[in-house]
Amino acid sequence: MEQTIANTPSHFRCYSDKSSLPSFSRECQEYFTTAVAENQVIVFVCIGSDRATGDSLGPFTGSLLAGKHKKEQNRRFALHHNTTSSFLFNKKKMHQASFYHKSYVYGTLHDPVHAVNLPHVIREIYSRWDTPYLIAIDAALGDKKNIGSINMAPGSLMPGIGVKKDLPHIGNMYITGTVNQIATQDPNYTLQTTHLSTIVDLATFIASGIFDALSLCHVTYPCALPVPDKA
């Protein structure tokens, strides 16, 4: 769970109208274009845990992002081995793809980024790249009327603030999905009672918008990298 820093976010209602997803994708494209222009590697950090439904938005989204990369790799492998002509065609495509900007993702359902390993993940990222462009994705609590909505803005997240954990800030930009309402009761209970359908809808929306934006910016679909357990 998160708290954001300083910037007023853009607000999108998940599947509320036909223009919502295209608008979200166009705004993602603006951020990604900035990263590409600066020759920065785009890195998605999908924060959360699969142990509580309400906290699983990040890793669920990460799995969707990484899954698209695997499907594309499998498709190219199949084309590569079908015929000689398709091999030559695919060789040309792979040559072209080598000039594309790459993107990566940390945090999936099978390999989540959470309170324990987030500091190690941040160190790992900056040991790989000097100036990565980080997109932090996390769940949020909010007003009941905003459940199922998405916020996006430049700036960092303070993950864990909603469940009273002190974690490092992260992100050149952030995307959050409101999964449940803020309640006076234990926030961990609120996360445990979040509808899975809300998580699925939000994660699908976010991933779909990101895929469209990456394609338009000629950036590869995100490849999942292993999450370090310790420094």
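## Overall architecture

The model is predicted, so local features need pLDDT of at least 70 and side-chain atom pairs count only at pLDDT 80 or more, while totals for chains, interfaces and linings use all residues. Residues are numbered from 1 along each chain as its sequence is written, and side-chain values use heavy atoms, with hydrogens and water left out.

Of the 231 residues in the protein chain, 47% are buried, where buried means under 20% relative accessible area, exposed over 50%, and partly exposed in between (1.4 Å probe, protein chains only). Among contacts between residues at least 6 apart in sequence, 79% join residues at least 24 apart; contact means heavy atoms within 4.5 Å.

## Two packed helices

Two packed helices are described by the angle between their axes and the distance between the axes. Helix H1 (residues 20–37) packs with helix H6 (residues 196–216) at an angle of about 50°, and their axes are 8 Å apart. Axes are lines fitted to C-alpha atoms, for helices over the stretch in contact, and angles run from 0 to 180 degrees between N-to-C directions. H1 and H6 are therefore oblique to each other, given that angles under 35 degrees count as roughly parallel, over 145 as roughly antiparallel, 65 to 115 as roughly perpendicular and the rest as oblique.

On the H1 side, the contact is made by Ser20, Leu21, Phe24, Ser25, Cys28, Gln29 and Phe32, while the residues from H6 include Phe205, Ile206, Gly209 and Asp212. The residues of this contact divide into 10 nonpolar, 5 polar and 1 charged, where Ala, Val, Leu, Ile, Met, Phe, Trp, Tyr, Cys and Pro count as nonpolar, Asp, Glu, Lys and Arg as charged, and the others, Gly among them, as polar.

Ser20 is found in helix H1 and counts as buried at 6% relative accessibility. Its side chain reaches the backbone oxygen of Arg13 at 2.7 Å, which is a polar contact (a pair of N or O atoms within 3.5 Å; within protein, one must be able to donate a hydrogen and the other to accept it, and residues adjacent in sequence count only if both atoms are side-chain atoms). Leaving aside neighbours within four places in sequence, Ser20 is in contact with Phe12, Arg13 and Phe205.

Cys14 lies in the loop between strand S1 (10–13) and H1, and at 16% relative accessibility Cys14 counts as buried. When neighbours within four places in sequence are left aside, Cys14 is in contact with Gly148, Ser149, Asp201, Leu202 and Phe205.

## The packing of H4

Which residues of helix H4 (residues 118–128) are buried? They are Leu118, His120, Val121, Ile122 and Ile125, and these buried residues pack against S2, strand S3 (103–106) and strand S4 (133–142).

## Two loop residues with positive phi

Asn39 is found in the loop between H1 and S2 and has a positive phi of about 60° although it is not a glycine; at 60% relative accessibility, Asn39 counts as exposed. His218, in the loop between H6 and strand S7 (223–224), likewise has a positive phi, near 60°, but His218 is partly exposed, with a relative accessible area of 45%.

Technical notes. Helix = DSSP H or I, 4+ residues; strand = E, 2+ residues; numbered from the N terminus.
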